[in-house]
Amino acid sequence: MTTNIVEIRDLVIGAKSDSGRKIEIIKDVSFDIAEGEIVALIGESGSGKTTIALSLLGHARPGCTILGGTVRVEGEDVTAMNLAQREALRGTKVAYVPQSAAAAFNPSKRLIDQVIEVAKIHDLMTMPEARKKAIKLFHALSLPNPETIGDSYPHQVSGGQLQRLAAAMALIGEPQLMIFDEPTTALDVTTQIDVLRAFKDVMTKGGMAGVYVSHDLAVVAQIADRIIVLQAGEVRESGTTKDILENPQHPYTRELLAAFEPVPYDSTRTDAGEVAPLLDIQKIVAGYGQVGRDGMPEFVALKDISCQLHTGQNLGIIGESGSGKSTLARTIAGLLPQVKGNVIFNGSPLAANYRERSKEELRRIQIVFQLADTALNPTRSIQNILSRPITFYQDLRGAECAAQVDALLDMVQLPTSMKSRLPRELSGGQKQRVNLARALAAKPDIILCDEITSALDTVVAAAVIELLKGLQQELDLSYIFISHDLSTVQAICDDVIVMYNGEKVEQLPASRLHNGAEHPYSKQLFSSVPKLDPAWLDSVPLRGDR
Amino acid sequence: MARHKRTFQPLGYSVSFVTLFAVTIIFFWAGVAIFGNLLAPHSPSKIVDVDYFGPMSKAFPFGSDYLGRDVLSRIILGARFTVGISLCSVLLACFSGVVLGMSAAVVGGWYDTILSRFLDALSSIPSKLFGLVMVAAVGSSTPILIVLLAVIYTPGSYRFARALAVNVNAMDYVTVARARGERTFYLITQEILPNITGPVLADLGLRFVFIVLLLSGLSFLGLGVQPPNADWGSIVRENIGGLSFAAPAVLAPCLAIASLTISVNLLIDNLPVKIRDTGE
């Protein structure tokens, strides 16, 4: 007979806004977790998944209060505990693995001292014992050099390793319940697969119960026994992983699943023979830091990259963080001048530095950045943001300019009433649309899209991709689409370049991504993308290193 | 954890009662500075009391000074110098500091290096000593005091504005504007300035306090406002002999300086916060 380790009943969590208005952010949530069961909380940002997970620790973030309901962990009501009791609970019965391990470790202390801190605080064992235990956990989490890795400092290990060390920190107190808060969201797919595998291994061997918070259904499918779908602080649907994936009931769950379906992209490419490319990038070398005597920068981020973009077509650039894909966009835009090589636009070479390019050249290539939060000036209204490029490039003012702003908002499917708002008064997806509209305002030929869907929820991202496709047909645009997400690139690109460590590893048509890759790195990259199939993780062959 | 302060909410701003208190005192002194000659019960330079260092009385609420002049009237007229000179110099200092700081952040390179080193050198001179030397060299008059105080406080304001502007300058929206081909003037006025006004205003208030204190210090040393005019610092100095008689003539101008500087500080620490939640 299995007993429930967690029983949440009618949980209500409220917050107070700065004008004193009370909002319920979690509404009547109830669920159980059986011993040894891993339950996933899934939903978009703002759905309350982390808030619920934190309530298991008896913690409500500043400004939030638990208003009603009970949270029982091993039969004891966490909400009724006093601070000392909660402190005794944390780390020994319930442990937490945060999203960003890099932010969770103190950079000035050795890793092992931080990992065994829980044992020290709760006086669980002697320090030599704790060290031995930590090293055992490092083995279990398949960390490299488990005997000595603890003596390093946080900056000396990779992001994936740090995330596993954070898990070791949580595991050392032998908790009955582990909470994983988006632990792999910030990792590259090739690293994510190792971390997931290590987590799954440890959890099954230890027979622990867990809560896995994520927005990524495919990741959750690998590790969870049961899935709870959340939206706007309410449970929309809950069921076994298999049921949710194969037989979703709620429309929102279906929408989430639909966003995973690869959207076929009809390449408009015609084999018209030798047409001069719109943008021809020839053997570009660029990097950061002082340029040395040999004419090379201190850190070379792009090594001999060549590629071409034809009118009306889209070029995808894919690779993990640090592969140089964003640097390529900055070099094309002239923000990071190359030290060697040429960028030929429409048959004539562009100056390496944007300062030396003409206004017309600048107008025709626009760049859209990943984070709309930092790409839109927070103090200027949407109207103001969009009218500036119109005034700047076309010298239009007043009513003519306002009419164009309205047309732009219409183009990106935003109501024109939004133009008086400030960026912070829009949602993430709306901000990204404004970000895109600003680039469109210049009436460009090429838009460089730098990870523009990465910070968005899956459903929202899918809508933005649809918008991009629609605009392309309407306006005769060409995109260079940079992403680390294979499925988005596939949904919009004709050709895809795989980058690794500043080098172009391979170029192939988007349609042949899955079976046409020849280079070992591209193969590894493509096979690391999680699939909705729960058996996927176990089917991927192990790699030697890392 | 946030402390829960009692607030009220006019015009979509959350204002604490400390702010209201500070603002009242600041407006009070501003009013005194503007309408001083209407408010003063006596002429500030006329000897009206038979006694020197006289005690508080109905006729002389803050007593009389070392010559038997009315201290209240002298403080009221002194407000004009203390508040006026400080305000002019702080505006001058912050304007030049912020403009130079933002342009250094945006232009960068040699311009930034040379400007930063020069202003660093300037700020390495002790401010009182610098004031002393300058006043000794060119004499003391109101315009010279204003410029002197402004020069002393420009490097600090420059450093502060530059540090803020460098952060904003690294934002993607500035990069987008650059890639669009915008000129430095547009970048400074439209993209950067609106994002640093809050901290810059707070810095302005703080610098105002420093300047009031430095001006009072200079006047106390006899280098500031010259007789027959007097600011609060020089009133303290004139009457320092009355300290052993516990004369209110020493204490009153000190309290005036304290009330102004503390109020400005309180206001800076409790600036009204715009309420973001508009009920959707």
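Me: What share of the 546 residues of chain A count as buried?
Reply: 45% of them. Keep in mind that this is a predicted model.

Me: How many helices and strands in chain A?
Reply: Chain A has 22 helices and 20 strands.

Me: And what are its dimensions along the principal axes?
Reply: The C-alpha trace of chain A spans about 70 × 55 × 45 Å.

Me: What radius of gyration does chain A have, and what would a compact globule have?
Reply: Chain A has 25 Å. A compact globule with 546 residues would be near 24 Å, so the two agree.

Me: What about contacts in chain A, say between residues at least 6 apart in sequence?
Reply: Of those, 67% join residues at least 24 apart.

Me: Now helix packing. How do helix 7 and helix 8 of chain A cross?
Reply: The axes of helix 7 (residues 159-171) and helix 8 (residues 189-206) of chain A come within 9 Å. They cross at roughly 20°. Angles under 35 degrees count as roughly parallel, so helix 7 of chain A is roughly parallel to helix 8 of chain A.

Me: Is that crossing left-handed or right-handed?
Reply: The crossing of helix 7 and helix 8 of chain A is right-handed.

Me: Which residues make the contact?
Reply: Helix 7 of chain A uses A:G159, A:G160, A:Q163, A:R164, A:A167 and A:L171. Helix 8 of chain A uses A:T191, A:D194, A:V195, A:A198, A:F199 and A:V202.

Me: Last topic, the two chains. How many residues are in contact between chain B and chain A?
Reply: 20 residues of chain B are in contact with 22 residues of chain A.

Me: Which helices of chain B each supply at least two residues of the side that touches chain A?
Reply: Helix 6 (172-180) and helix 7 (184-220) of chain B. Helix 6 of chain B gives the largest share, seven residues.

Notes
Residues numbered from 1 in each chain as written. Chains lettered and ligands numbered in written order. Predicted model: local features only at pLDDT ≥ 70, side-chain atom pairs only at ≥ 80, totals over all residues. Helix = DSSP H or I, 4+ residues; strand = E, 2+ residues; numbered from the N terminus. Rg over C-alpha atoms; globule rule 2.2 N^0.38 Å. Buried ≥ 20, exposed ≤ 12 C-beta atoms within 10 Å, placed from the backbone. Contact = placed C-beta atoms within 7 Å. Axes fitted to C-alpha atoms, helices over the stretch in contact; angles between N-to-C directions. Parallel < 35°, antiparallel > 145°, perpendicular 65-115°, else oblique. Left-handed = near helix turned anticlockwise from the far one by under 90°.
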